[in-house]
Amino acid sequence: MPKLIKKLAVLTSGGDSPGMNAAIRSVVRTCAYHNIKCIGFYRGYEGLIEGDFKEMDARSVRGIINKGGTILKSARSKEFRTKEGRKKAHEHLVKNDVDGLVVIGGDGSFTGALIFNQEFGFPVMGIPGTIDNDIFGTSNTLGFDTALNTVVDAIDKIRDTASSHNRLFFIEVMGRDAGHIALNTGVAGGAEEILIPEEDLGMDRLVDSLNRSRKSGKTSSIVVVAEGDKIGKNIFELKDYVDQNMEGYDVRVSVLGHMQRGGPPSCFDRVLASRMGVKAVESLLEGKTNFMVGLLNSKMELTPLDKAIKGKTKINLELLRVSDIMST
């Protein structure tokens with residue numbers, strides 16, 4: 001029989017993403033629904049080590065479903081990477097009679113949760129919160145949909161000025177190891193080229209593609225670049241190369257940066273966060289541990305944390321082909 005759970009804790013860790021607050025709200029209100037207590041730790045694992053938390057109930061999370069960021073704050077903890085730091089964290093959980101932990105974050109946060117469970121046998125459950133959508137075991141991570149909408153809005157605005165001045169814009173979006181944001185927003189924004197880590201076009205092919213676009217009558221172009229793209233060392237090197245090898249374009253660079261993390265979560269992310277929070281709490285109540293909650297085939301499913309961490313997400317090949325056709 002699984003241990004009777006009377007009290008759960010929740011924290012947000014790593015980079016923030018829209019929908020984290022909605023997930024916190026869902027965890028807290030699901031606990032209230034099942035008549036169990038809930039506490040929230042501030043600043044992720046750092047707060048867990050320091051014992052920095054607050055009691056949370058259904059009323060304490062009102063008015064946050066529409067807010068970006070995280071009311072529990074987030075941080076990356078070097079100390080939690082040590083056994084001594086994890087021991088302190090465990091002591092605070094035991095001292096405060098906590099029976100399980102919900103971690104909202106990315107693969108680094110899940111790695112910490114998995115090691116923590118292996119060392120102390122403490123029940124943990126993960127909710128994937130990252131705009132990169134690069135975690136195995138879910139078709140969508142929290143914040144991905146909102147980030148797409150933010151980027152597309154920015155591309156639309158930049159295209160207006162690109163068209164007005166016959167400019168070529170390189171727009172850098174987040175995605176150090178995965179090109180999901182770049183590929184989706186590039187298609188939605190009508191980009192002439194999309195550069196992602198999964199596919200190396202090469203400098204010459206990029207220039208050839210842009211030349212074809214210009215010969216077809218296009219007087220301005222948008223190229224969406226994932227920050228992890230491997231063609232150049234950085235987006236400014238791409239600009240310099242095109243400047244040197246193409247005539248007739250006024251080349252500009254726009255790095256969207258952390259604006260992609262901010263803003264109110266979309267309807268999709270609010271609903272997804274609500275579903276994930278319920279699934280995470282109820283799975284712990286059922287005695288499950290070391291899983292991540294994910295969306296697969298429109299259903300909430302559980303993926304073992306080790307698989308979520310080690311597994312590789314795949315780029316949508318159909319969407320990649322669509323992008324090639326649309327840039328004709």
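**Pocket, cavity and overall build**

Biologist: How much space lies in the largest pocket?

Modeller: In this predicted model, the largest pocket holds about 1,000 Å³ of space.

Biologist: Which residues lie nearest the centre of that pocket, and how many line it?

Modeller: The lining of the largest pocket is made up of 44 residues, and those nearest the centre are Arg-76, Asp-107, Gly-108, Asp-134 and Arg-176.

Biologist: And what's the split by class in that lining?

Modeller: Sorted by class, the largest pocket is lined by 18 polar residues, 14 charged residues and twelve nonpolar residues.

Biologist: Which element gives the largest share of the pocket lining?

Modeller: That is helix 4, which contributes six residues to the lining of the largest pocket. Helix 4 covers 107-120, and at least two lining residues each also come from strand 6 (167-173) and from helix 10 (305-310).

Biologist: What lines it, then?

Modeller: Ten residues line the largest cavity, and the ones closest to its centre are Glu-193, Ile-194, Glu-199, Ser-323 and Asp-324. Two elements, strand 7 (193-195) and helix 11 (317-326), each give two or more residues to this lining, with helix 11 providing the largest share, at three residues.

Biologist: What classes do those cavity residues fall into?

Modeller: The lining of the largest cavity divides into four charged, four nonpolar and two polar residues.

Biologist: What does the C-alpha trace span along its principal axes?

Modeller: Along those axes the C-alpha trace of the protein extends over about 70 × 35 × 35 Å.

Biologist: What percentage of the residues is buried, and how much accessible surface is there?

Modeller: Of the 328 residues in the protein, 52% are buried, if we count as buried any residue with under 20% relative accessible area. The accessible surface comes to about 15,000 Å², and carbon and sulfur atoms account for 49% of that surface.

Biologist: Last one, on contacts: what share join residues at least 24 apart?

Modeller: Taking the contacts between residues at least 6 apart in sequence, 75% join residues that are at least 24 apart.

Technical notes:
Residues numbered from 1 in each chain as written. Predicted model: local features only at pLDDT ≥ 70, side-chain atom pairs only at ≥ 80, totals over all residues. Heavy atoms only, no water. 1 Å grid on protein atoms, 1.4 Å probe; cavity = no way out; pocket = protein on both sides within 12 Å on 5 of 7 lines; lining within 4 Å. Points joined across faces, edges and corners; volume = space filled by probe spheres on them. Helix = DSSP H or I, 4+ residues; strand = E, 2+ residues; numbered from the N terminus. Nonpolar A, V, L, I, M, F, W, Y, C, P; charged D, E, K, R; others polar. Buried < 20%, exposed > 50% of the residue type's maximum accessible area, 1.4 Å probe, protein only. Contact = heavy atoms within 4.5 Å. Areas by Shrake-Rupley, 256 points an atom, 1.4 Å probe, with all protein chains shown as cover.
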